[in-house]
Amino acid sequence: MPFNFLIRDALESDAEGIIFVHQNAVHVTAKDFYEHEILDEWSPILSGRVLQMQEKLENNPEKSIILVIESEGKIAGFGEIVPEEEELRALYVDPQFSRMGFGRALLQELESRAKKQGLAKLILHASLNAKNFYTQNGFKINGEGNHKLNSGRLMPCIFMSKNLA
């Protein structure tokens, strides 16, 4: 486990850090698993993304639980659960903090929050590069398929779930 970290609810002021983590995680961690065009659609370099994230954090239309994990004042990762869908929507760690326990700590807190919401399970569309992380953390593989990106392009993924009871 990392020695110095804090997990907390995401704030509007975290939007830029969240987008930075997402961009790095996708374009570094997943680069050996997906073609460049998919990476660019999954996490495009667009200045408007920070504003979109600020609006999401402010309005929270899906009533998501969005957390950040920070170390020494820097956002090291973030995660999101959509309780209404029983879905783990996102879990990303900046590559400079990978394999240090940040992802596991964040996942454990997200699962704890999901249980407090009364959820009995979580489902997710795992990226190919994240399959091992999730299986090591108790998720079961339900099948292979595709995740539909905003453009309509299909991105190969692994359908997974975990019982929380």
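This is a predicted model: local features need pLDDT of at least 70, side-chain atom pairs count only at pLDDT 80 or more; totals for chains, interfaces and linings use all residues.

I began with a salt-bridge network, and found Arg-8, Asp-14 and Glu-70 linked in one. My cut-off for a salt bridge was a side-chain nitrogen of Lys or Arg within 4 Å of a carboxyl oxygen of Asp or Glu. By that rule I got 10 salt bridges.

Residues are numbered from 1 along each chain as its sequence is written, and side-chain values use heavy atoms, with hydrogens and water left out.

Next I looked up Arg-153. Its closest N and O atoms with Glu-35 are 3.2 Å apart, a salt bridge. Arg-153 is in the loop between strand 6 (140–148) and strand 7 (154–163), and Glu-35 is in the loop between helix 1 and helix 2 (36–42), so this pair ties together parts 118 residues apart in sequence. For helices (H or I, at least four residues) and strands (E, at least two) I took DSSP runs, numbered from the N terminus. Arg-153 also meets Glu-41 in a salt bridge, at 2.6 Å from N to O. Glu-41 lies in helix 2, so here the parts tied together are 112 residues apart.

Then I checked accessibility, with buried meaning under 20% relative accessible area, exposed over 50% and partly exposed in between (1.4 Å probe, protein chains only). Arg-153 is partly exposed at 30%, Glu-35 is partly exposed at 44%, and Glu-41 is partly exposed at 27%.

Strand 2 was my next stop. Seven of the seven residues of strand 2 (residues 65–71) are buried, so the strand is largely enclosed by the rest of the structure. I checked both faces: Ile-65, Leu-67, Ile-69 and Ser-71 cover one side, Ile-66, Val-68 and Glu-70 the other, and all are buried. Strand 2 pairs (at least two DSSP bridges between strands) antiparallel with strand 1 (residues 6–9) over four bridges. Seven bridges join strand 2 to strand 3 (residues 74–82), also antiparallel. Leu-67 stands opposite Asp-9 and opposite Gly-79 in strand 3.

Last, I looked up Gln-23 in helix 1 (residues 15–29). Gln-23 is buried, at 16% relative accessibility. Its side chain makes a 3.2 Å polar contact with that of Ser-43. I counted a polar contact as a pair of N or O atoms within 3.5 Å; within protein, one must be able to donate a hydrogen and the other to accept it, and residues adjacent in sequence count only if both atoms are side-chain atoms.
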